[in-house]
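Okay, thanks everyone for coming.

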Amino acid sequence: MSEGSQKDITIIGGGIIGCSAAYYLTRHPSYSPETHRVTLLEASTSSSGGRTKDSISDPATLADPNTKWKRNPAHDGIAGGASGKAGGLLALWAFPSNIVPLSFGLHEELAKEHDGERRWGYRRCYASQVECRARLPPGFSSDESKITAADAETAPSKGLHKDHKTAIKALKKIGAPEDLDWLDTEQALVAYEGMGTPNNTAQVHPELFTRSMAQLAEEKGVKIVTGARVTAINYSKGGDSVESVTYEKEGNCETLPTTDCVVAAGPWTSRLLPNVPVTASRAHSVVIQTPTPVSAYALFTSIALPSGFPTPTPEKARGSKAAQGPLKRSQVVEPEIYARPDGTAYACGPTDQTVKLPLTNAEVEVDEARCDDIISQVGGISDELGRDGKVLAKQACYLPQGGPWIGPVGNTRGLTVAAGHTCWGIQNAPGTGKLLSEIVFDGAAKSARLGGCDPSRAL
Ligand SMILES: Cc1cc2nc3c(=O)[nH]c(=O)nc-3n(C[C@H](O)[C@H](O)[C@H](O)COP(=O)(O)OP(=O)(O)OC[C@H]3O[C@@H](n4cnc5c(N)ncnc54)[C@H](O)[C@@H]3O)c2cc1C
């Protein structure tokens with residue numbers, strides 16, 4: 001493949017994978033804005049789809065309101081799905097192992113080069129498993145009869161931060177670090193196990209990271225078009241090469257000549273490439289502002305809810321407004337909690353299959369009761385997240401599953417996929433972007449082995 005050959009590259013999808021691909025295409029030694037046109041098409045025009053109306057829509061202002069890389073309104077719609085509503089954990093112990101080290105290292109490089117610490121909240125952190133027992137929320141009691149709101153308000157607070165010395169003792173006793181002082185050690189924390197340290201674990205704010213990749217790619221010549229939903233990839237007669245991509249924008253149908261098409265449509269990928277096995281599950285999450293920033297831990301919890309605790313929404317219930325009443329028997333739940341450097345904590349709950357993947361992010365249905373479940377559960381083990389926290393966002397998105405698939409699709413020249421990244425798509429995005437840039441410009445992945453990510457293994 002000659003370096004100078006003209007290429008019309010179209011990326012479908014403005015999530016973290018599409019935006020990282022755009023970034024690395026423009027950083028490839030063979031890239032030239034004179035001979036290579038790169039266009040990224042994103043179906044959405046807003047990132048508010050999948051968030052309740054009272055949720056904040058601009059996390060960038062929370063992190064640092066004065067920075068020049070604040071939200072670019074022309075990019076609204078970028079990171080509107082899972083890439084803007086994920087936790088953001090990065091780990092050398094993630095999977096698949098053939099691309100994890102490359103991608104973890106690239107995250108570090110990107111953060112150094114572009115001030116990721118300030119720009120997208122990059123930092124090293126700890127990851128731990130904690131076993132907890134939840135306290136009942138205000139207004140609930142274990143004999144399943146509700147106490148009055150006034151009673152609840154006058155009840156003494158048992159939060160550990162009220163008695164720092166006792167808390168530290170309790171933390172030490174179960175082998176937990178002293179700075180995990182935002183969990184209620186007196187009542188809630190039962191067991192602690194370290195999983196990751198700053199040597200092998202880090203985090204980013206995924207929405208800010210994704211929007212930064214889009215911005216940095218645009219600065220090197222990528223054209224970003226939002227509100228452009230691709231309806232067809234068009235092939236030459238016989239299907240041996242890609243010819244163009246058709247998309248709808250503002251009610252019009254447009255066709256873009258394309259020599260190289262990168263499909264990075266996350267959970268929607270199989271709608272464009274039916275042979276690539278990517279499936280989708282909905283997941284709910286919340287963002288909570290804490291009274292002061294909490295220490296840098298990602299917590300994989302196992303929380304025993306006592307009888308009398310609000311019953312978690314059953315997997316198959318749709319649109320229920322916490323109508324389940326109090327639990328009759330204790331139940332264990334496993335929300336994940338990620339402290340963030342911008343003075344917030346993020347928490348997510350289990351996945352469900354109740355509502356089919358809609359046409360775009362704009363129509364993602366948020367079941368507020370599932371967000372309320374997460375809020376009461378994490379509030380049951382931490383006053384910082386519960387009684388003293390302020391809920392900033394209640395949201396839902398679709399997790400792409402089945403892959404990751406990275407590489408050429410079938411024998412069609414110019415057709416590649418990067419999708420199905422499961423619960424490690426934030427961690428594996430830079431590596432995926434770099435490998436894609438090599439596949440497009442060099443004809444093969446160079447920086448890591450594709451191994452099980454090679455779509456030819458599935459097709
Ligand atoms: C609750 C939760 C927590 C998570 N936490 C973590 C974590 O801590 N660490 C981690 O590494 N990963 C995490 N993940 C996984 C991660 O979020 C995903 O793997 C990743 O965001 C997938 O990115 P993507 O770009 O493939 O998909 P998406 O973010 O879904 O982006 C795909 C984009 O394609 C667009 N699109 C779709 N169809 C079309 C079309 N026809 N035309 C144009 N555009 C189209 C969509 O609008 C969308 O914007 C988490 C996921 C969830 C759900």
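Predicted model: local features only at pLDDT ≥ 70, side-chain atom pairs only at ≥ 80, totals over all residues.

I'll take the cavity, then a sheet with its helix, and then some backbone details.

Searching the whole structure turns up one cavity of 30 Å³ or more. The largest cavity holds about 100 Å³ of space. Which residues lie nearest its centre? Those are Arg 51, Pro 59, His 205, Val 287 and Arg 340, out of 16 residues in the lining. If you sort that lining by class, you get seven nonpolar, five charged and four polar residues.

Now, where does the largest cavity lie relative to the domains? Domain 1 is 7-123 + 202-276 + 401-457, and domain 2 is 124-200 + 280-400; both give residues to the lining, so the cavity lies between them. In terms of elements, at least two lining residues each come from α2 (59-63), α3 (82-85), β18 (344-352) and β19 (390-401).

Let's move over to the sheet. We have an open sheet of six strands here, and reading across, the order is β9-β2-β1-β13-β21-β20, with mixed pairing. At the edges sit β9 (223-226) and β20 (405-408), each of which pairs on one side only. On average, neighbouring strands of this sheet are turned by 15° against each other, ignoring direction.

If you want a landmark, find Gly 407, which stands opposite Val 417 in β21. Then there's helix α11, residues 425-442, which packs on the sheet. This helix touches β1 (7-12), β2 (36-42), β13 (260-263), β20 and β21, and the direction of α11 makes about 10° with that of β20.

Last part, the backbone. As a reminder, most peptide bonds are trans, and most residues other than glycine have a negative phi. Here are some departures from that.

The peptide bond joining Gly 403 to Pro 404 is cis, with omega about 5°. Another cis peptide bond joins Phe 95 and Pro 96, and there omega is about 0°. Pro 96 has its place in the loop between β4 (89-91) and α4 (100-114).

Note on methods. Residues numbered from 1 in each chain as written. Heavy atoms only, no water. 1 Å grid on protein atoms, 1.4 Å probe; cavity = no way out; pocket = protein on both sides within 12 Å on 5 of 7 lines; lining within 4 Å. Points joined across faces, edges and corners; volume = space filled by probe spheres on them. Helix = DSSP H or I, 4+ residues; strand = E, 2+ residues; numbered from the N terminus. Nonpolar A, V, L, I, M, F, W, Y, C, P; charged D, E, K, R; others polar. Domains from an automatic or database assignment. Pairing = 2+ DSSP bridges. Axes fitted to C-alpha atoms, helices over the stretch in contact; angles between N-to-C directions. Contact = heavy atoms within 4.5 Å.
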